[in-house]
Amino acid sequence: MPSPRSSTTHARYWRWLGLTMAAIGLIVLSANWAERHELATRTAALRQAAAAHVLGLRGLVEKHDFLPYAAARHPDVLALLQTPQDTALRLRVNHYFADLQSTTGAAALFLVDRNGLTLSSSNWNQPSSFVGESYRQRPYFETALQGQRGLFYGLGLTTGQSGLFIAEPVRGPAGIMGVAVVKISLEPLQAAWRRGIDPVLLRDSRGVVFLSSQPEWLFQARQQLSAADAAWISSHRQYGSRSQFAVLPWQVKPLPDSAAYGLQTTVQGLHRSLLALDTPLPELGWTLTVTSDMKEVTQARQLALALSTLLLALLLLASLYWRLREKRFVEQRSARLELERRVEERTRDLEEAHTFRKAMEDSLLVGMRARDPQGRIIYVNPAFCAMVGYSAQELLGCLPPYPYWHPDDLEKQARVSQDVLQGRVVPHGYESRIRHKDGHDVITMIYTAALVDARGVHRGWMSSVVDITAQKQAEARQRDQELQLERSARLASVGEMASTLAHELNQPLMALSNFALAARALADRGEGSLLAETLNDIIAQSQRASEIVKRVRVFINPQRAQYENLAPADVIHHAVNLLKPELQRHHVQLQLQLEDGLPPVRGDSVLLEQVLMNLIHNALHAMQAQPPGSRRIKLLCWQQEQGVSVTVADSGPGIPADQIEQIFAPFFTSKPDGLGLGLNICRTIIEAHGGRISVENSPTGGAAFTFTLPLAS
């Protein structure tokens, strides 16, 4: 029969074994959780990156999607298909296509008859001209002849350069007479991808990589192509003379409960472990793959393992320490109890008084103050002295008014003190503002009760004083933060509205510009010079509107901004010319004072013109109440040491002093129907250019807005 000591040891062994296994399980669980959490975070980031790339791809396609449609309906294009031997007509169509191609930035625009022969092309006068070439075997040509829009990505048969081909059937009285085709180059997009760290690639519907940030992956397939797919690609010469496509050097590992998957591969000679996410583009028949390094996921697991192991080790050490401490406590307790019993009788009275005073002086963080029935201070603890800044020697014996009373509240505090001394105590306490000895204010809550000794004699009044200054400040900060969050939410809503506006208006504005170009071509044939001049104005304004819409999208996503060296005088003159009719209509005199030889600045001309137009519009609004003869705006431009400064000053009433500090704040406006975003947007644009903007009231009247831009490097 085992002894009780052996049974206890055995039970302790199994208990420690169970605790050890549980600890190991907790460590593994924490590491798995950290890995899943980091994986979910990285997957969400990949989804956002994929959404941005998809938006860019679709935007590029939508930008040129209307070109073959517009070209197919041009009367000269229809006439050329009917009379292909007309040399003069062919030349006009060539010039028309070249004009459309240079205006829209497309790679090429050309016309093919029903037999697949190219009749006209935007590159007709170049060595790589498409004119006379046959594209009958191209899928986009076959689809367009069937009356549908053709879409195809591949290498050009003539130039050998890759591109996206969009084909539109040209319909005439006798049905489909030919095909209008636009070629879009995706090389700039691929170059942008190659500047990134993580690989990005596009695959066609058969899994062949045709666009990639890694050149070694081009024209490789996700899996072995079937004989039918390889024959189709070869017969249509989609990728030139290539008929064999190697399999990508990938080792794919599915991840549970995740749309992404693990990827082991070699990038530029280095082995990398990646997290990949596929995003289909059904309208194009493509699949976009974005990747991210798995290093953060691995590091998160390792860190969780280390932290959980360290935590459990600390808990184990704390448990061992506690057991040793308890053991020592048990050993010493008997001796201490005997000693305390002997000392207790001799020190009871002294210990009681000492414990009472020490409890008030040292144990409490709350200020304590005792007064006799006449209001004389008879006791203060260290916390109270620290709260008011006076020592106990300075306070003991003081009668009202006390030195820490706030000078602005003397009458109120005297009345409250008198009520307390007369027994009218506020049970729930009251708030009081006091003045610290060094001059700063302290907000306190005071609770008062009668001071009665052990014999039941009323000795005065005892007050506990709590410093609530930090609480009050925290409440004020919370209110400010809630207001800021509300403003930020409204600004985010405006940003979404601006983004939607930019997306929806860009395409019809570009279409307007191209149709206006076509109309001008008709006018150039002699159908009215006045019509040509008017259409030129329409083209200029529609192109400017399109540029403004693009800048709105840049304003939402500043990474898309493209700055250039600008002459400040040109930007100013262009903005003034646009507003000249409105200045004349409001009888406003504009005085320009531009310094000669101004150096160039680097920025976006359209955004800087918008800043100038916004400031001039605000000046017009500020002078509405002025007589017409006294409405003047001064626009000055001069060079400083490190930049160029521009000032727009009006002769209006100026800005009220209580509003000048918040004039650039979002949603602050003095106009009845204003949104309050104009000046805030101006400041954002100037700061995005590396400059600064300020406002002040002129001594002679009116307000003057000044912004400074750095010089071009």
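In the predicted model, Asp229 and Arg206 form a salt bridge, with 3.4 Å between the closest N and O atoms, a salt bridge being a side-chain nitrogen of Lys or Arg within 4 Å of a carboxyl oxygen of Asp or Glu. This pair links distant parts of the chain, Asp229 lying in helix H7 (residues 227-235) and Arg206 in the loop between strand E6 (200-203) and strand E7 (209-212), 23 residues apart; helices (H or I, at least four residues) and strands (E, at least two) are DSSP runs numbered from the N terminus. Asp229 is partly exposed at a relative accessible area of 24%, and Arg206 is partly exposed at 23%, where buried denotes under 20% relative accessible area, exposed over 50% and partly exposed the range in between (1.4 Å probe, protein chains only). Residues are numbered from 1 along each chain as its sequence is written, and side-chain values use heavy atoms, with hydrogens and water left out. Because the model is predicted, local features need pLDDT of at least 70 and side-chain atom pairs count only at pLDDT 80 or more, whereas totals for chains, interfaces and linings use all residues.

The structure holds 17 salt bridges. Glu168 is buried, with a relative accessible area of 10%, whereas Arg149 is partly exposed at 34%. Asp65, Arg149 and Glu168 are linked in a network of salt bridges.

The largest nonpolar core comprises 56 residues, of which Phe97, Leu202, Trp286 and Leu288 have the most contacts inside it; such a core is a set of buried Ala, Val, Leu, Ile, Met, Phe, Trp, Tyr and Cys residues joined through side-chain atoms within 4.5 Å. Helix H1 gives the most to this core, with six residues. Another core, of 39 residues, lies apart from it and includes Ile572, Val601, Val648 and Ile686.

Helices H1 (4-64) and H8 (295-363) each supply at least two residues of the patch, and H8 gives the most, with five.
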